[in-house]
Amino acid sequence: MADSSTQSIIIGASPDQVAAVICDFPSYPEWAEAVRAAEVIEEYEDGYASQVRFTLDAGVMADEYVLAYEYAEDISRIEWHLVAPSKMQRSQRGSYDLAGNPDSTTTVTYTLEVELSVAMLGMFRRKAEKMIMDAALKQLKRRVEAPGAAQETRPSSR
């Protein structure tokens, strides 16, 4: 059975700016500490990634896997699932939900559901989950809010 977790964070940027960083998969190794490599292996006609291969080393969890991505028309939701079981995972489903706030910030809600292929003690699973959630939110916030962070965005409608 898969465990599911949800966390939110407020980022000082527009939803389009946040989505641009999330969708720039090849840059993940620059800011997501556990990601060693991220390679877009398939794209939709509009240039958004449809499949991405990740190489992850989070200490207690090292893995290589491919995720398939889908996007809301306005890029307010980015969701994914594991294409095939990997060495460490039977399944993975997740999403980023981006909601613009009146003060020009964005509330990012990250949901992740992972079913591991290997038995892992609860405390190690929680540590791995915390590392994944931290990378997905705190490191994302740091990257988006960094001085000189890329402000280029793709068109907001798909």
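Which residues do ring pairs link into a cluster? In this predicted model, the cluster joined by ring pairs consists of Phe 25, Tyr 28, Trp 31, Tyr 44, Tyr 48, Phe 54, Tyr 65, Tyr 69, Tyr 71, Trp 80, Tyr 96 and Tyr 110.

The count of aromatic pairs comes to 13. A pair of aromatic rings is described by the distance of the centres and the angle of the planes. One of the pairs is formed by Phe 25 and Tyr 28, whose rings are tilted, with 5.3 Å from centre to centre and 35° between the planes. Phe 25 is buried, at a relative accessible area of 0%, and Tyr 28 is likewise buried, at 7%. Tyr 28 also pairs with Phe 54, and this pair too is tilted, with a centre-to-centre distance of 5.9 Å and an angle of 55° between the planes. Because Tyr 28 belongs to helix α2 (residues 28–31) and Phe 54 to strand β3 (residues 49–57), this pair ties together parts that are 26 residues apart in sequence. Phe 54 is itself buried, with a relative accessible area of 5%.

When residues up to four places away in sequence are not counted, Leu 140 touches Ile 11, Val 18, Val 21, Ile 22, Trp 31, Tyr 96, Val 108 and Ala 135. Among these partners, Val 18, Val 21 and Ile 22 are also among the buried residues of helix α1 (residues 15–22), a group that includes Ala 19 as well. An α-helix has 3.6 residues a turn, so residues three or four places apart point the same way.

Two loop residues concern the backbone. Most residues other than glycine have a negative phi. Ile 75, however, has a positive phi, near 60°, and is placed in the loop between β4 (62–71) and β5 (77–82). Ser 104 also has a positive phi, near 70°, and is found in the loop between β6 (89–100) and β7 (106–116). As for accessibility, Ile 75 is buried, because its relative accessible area of 4% falls under the 20% cut-off, whereas Ser 104 counts as exposed, because its relative accessibility of 55% is over 50%.

Terms used. Residues numbered from 1 in each chain as written. Predicted model: local features only at pLDDT ≥ 70, side-chain atom pairs only at ≥ 80, totals over all residues. Heavy atoms only, no water. Contact = heavy atoms within 4.5 Å. Helix = DSSP H or I, 4+ residues; strand = E, 2+ residues; numbered from the N terminus. Buried < 20%, exposed > 50% of the residue type's maximum accessible area, 1.4 Å probe, protein only. Phe/Tyr/Trp six-rings, centres within 6.5 Å; stacked < 30°, edge-to-face > 60°.
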